[in-house]
Amino acid sequence: MGGSAQVREPPPAWLRAWFEAPGRPLWLVGLALAGVGTLLFGFQELLLDRHRLATRDANVLDNARVAVTHVVITAYLLTAYVYAERTTQQSIRTLLPRIDPGHTEALLGRSPGARAALALAIPFGLGAFLLVTTRISPGVISLWPADWTPEEAWHRVLGCAIGILAIRLSTLLVVESRRLSAAARAIRHLDLLGDEAIPPFARAGLTYALLVIGTVAAFALFLVDLRYLPLVGIVLASTLVVAVVALLLPLRGIRARIIQAKGDELRWCHEQMRERRARLASGAGDEAASLSELVAWEARIREVREWPLDASAFKRFGLYLLLPLGSWAGGALVERGIDALLD
């Protein structure tokens, strides 16, 4: 423990440092970011007198709703990215007293390969934006800025940011899952009966899954306009797969350690059983009681779950899957409220 405590933790990345600077919960900072973006968009609409045009042209109002949805999704993805980073760092910090001191410095920072993967997510995210914009989004869309309305300018600029952030978030979850797997391999000793080193991995997996499903919930806001159904359907199908991966990927390392520890313990049980069975057969003593204790211990070890997820974790994951439905219903209610006010 003393060796790991001497390792200096690297400072957080600039985005995380910016989110944490106010000293408020991350979700509150993200909500404030979405609010500021929406206010800036509203100020633009007032300045350009677009709000009057919206009462006569339904397309302007529809584009304004889509622009605000882009603002909300961008704010969510930024917040989710920072939350994923902090979740990993907190998990590893919790595990440090149990980790071999020789591995702590490497675990607290990112490898060159991880940094390269996150950098490559930028061009891939740009490619995803171009694909969605030109092939999936409804209507005829121009990528030439001179053709954009004020609302469409927000669509294009924030759409590009969303593509990059979504791919970077997915890449980050893979990178951070690999760090957690490396942390599991570096744990000095694993106690199969209620080891406190196991829960941080399950919590991280559930958090990653929630962040991914939250992305679907944010995109579900587009469904106030059913023309976006193909886009949301593609995002929903792909993201649910990513959510399952996000849940299980951080657990691969600790699962391997549990399997290894179970194997070692079962081999010891079998060796002891053979020895005591031989002594019992030779009449060298009453080994029946100790042999029955070993049988009970073997059964207890076999019952240890290799995936550290219990029924409550799966129930929580199932509830997470309902978030997109709630988001869509909430967006529909807000839309009806806006229509009622305009009428």
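Reading the cores of a predicted model

Modeller: Of the 64 residues in the largest nonpolar core, F201 and I254 touch the most other members. Helix 9 gives the most to this core, eleven residues. The model is predicted, so local features need pLDDT of at least 70, side-chain atom pairs count only at pLDDT 80 or more, and totals for chains, interfaces and linings use all residues. Residues are numbered from 1 along each chain as its sequence is written, and side-chain values use heavy atoms, with hydrogens and water left out.

Biologist: What is a nonpolar core?

Modeller: A set of buried Ala, Val, Leu, Ile, Met, Phe, Trp, Tyr and Cys residues joined through side-chain atoms within 4.5 Å. Buried means under 20% relative accessible area (1.4 Å probe, protein chains only). A second, separate core of six residues includes F41, A64, V71 and W154.

Biologist: Which residues is F201 in contact with, leaving aside neighbours within four places in sequence?

Modeller: Contact means heavy atoms within 4.5 Å. On that count F201 meets L95, L180, A184, I187, P250, L251 and I254.

Biologist: Is T207 buried or exposed?

Modeller: T207 is buried, at a relative accessible area of 18%. This residue lies in helix 9 (residues 199-219); helices are DSSP runs of H or I, at least four residues, numbered from the N terminus. Not counting residues up to four places away in sequence, T207 touches Y83 and T87.

Biologist: Where is confidence lowest?

Modeller: pLDDT is the predictor's confidence in each residue, from 0 to 100. Helix 1 (residues 2-5) is lowest, at a mean of 42, and helix 3 (residues 26-47) highest, at 92.

Definitions and conventions
Helix = DSSP H or I, 4+ residues; strand = E, 2+ residues; numbered from the N terminus. Buried < 20%, exposed > 50% of the residue type's maximum accessible area, 1.4 Å probe, protein only.
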